[in-house]
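Colleague: I have the model open and would like to go through it with you. Could you start wherever you like?

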Amino acid sequence: MAEIEIYTKSYCPYCLRAKALLRSKGVEYKEYSIDGDSELREKMITRSQGGSTVPQSFIDNKHIGGCEDLVALDKKGALDPLL
């Protein structure tokens with residue numbers, strides 16, 4: 001099973017949507033809340049090569065992107081094989 005990580009902020013509608021999509025796939029993921037954690041936010045930006053918005057998701061340490069990127073992958077049938 002793939003290792004899925006997602007950086008989020010509380011009350012972020014895009015984060016909620018991305019997490020709901022992952023849950024609908026029946027996969028577990030590790031969530032990193034960057035609320036008020038500037039060190040963790042900087043780590044997210046570095047890992048995502050400049051992505052400063054949330055969510056930022058990674059599958060097996062490969063940067064996937066934000067919510068719209070996850071949804072687009074799913075719509076073209078490319079998300080399930082990664083999971």
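Modeller: Helix α2 (residues 38-47) lies across β1, β2, β3 and β4 and runs at about 125° to β1. Helices (H or I, at least four residues) and strands (E, at least two) are DSSP runs numbered from the N terminus, contact means heavy atoms within 4.5 Å, and axes are lines fitted to C-alpha atoms, for helices over the stretch in contact, with angles from 0 to 180 degrees between N-to-C directions.

Colleague: Before we go on, what should I keep in mind about the source?

Modeller: This is a predicted model, in which local features need pLDDT of at least 70 and side-chain atom pairs count only at pLDDT 80 or more, while totals for chains, interfaces and linings use all residues. Residues are numbered from 1 along each chain as its sequence is written, and side-chain values use heavy atoms, with hydrogens and water left out.

Colleague: In what order do the four strands come in the sheet?

Modeller: The order is β2-β1-β3-β4 in an open sheet with mixed pairing, where two strands pair if DSSP finds at least two bridges between them. β2 (30-33) and β4 (62-65) each have a single partner strand, so one side of each of these edge strands has no neighbour in the sheet.

Colleague: And β1 and β2, do they pair in the parallel or the antiparallel sense?

Modeller: β1 and β2 are parallel, over four bridges, whereas β1 and β3 (residues 56-59) are antiparallel, also over four bridges. Ile6 has Glu31 as its bridge partner in β2 and stands opposite Ser57 in β3.

Colleague: Switching to Glu5, is that residue buried or exposed?

Modeller: Glu5, which belongs to strand β1, is buried, with a relative accessible area of 6%; buried means under 20%, exposed over 50% and partly exposed in between, using a 1.4 Å probe and protein chains only.

Colleague: Which side chains make polar contacts with the side chain of Glu5?

Modeller: The side chain of Glu5 makes a polar contact of 2.9 Å with that of Tyr32, and another of 2.9 Å with that of Arg47. A polar contact is a pair of N or O atoms within 3.5 Å; within protein, one must be able to donate a hydrogen and the other to accept it, and residues adjacent in sequence count only if both atoms are side-chain atoms.

Colleague: How many residues are in the largest nonpolar core?

Modeller: That core has 15 residues, and Ile4, Ile59, Leu70, Leu79 and Leu83 have the most contacts inside it. A nonpolar core is a set of buried Ala, Val, Leu, Ile, Met, Phe, Trp, Tyr and Cys residues joined through side-chain atoms within 4.5 Å.
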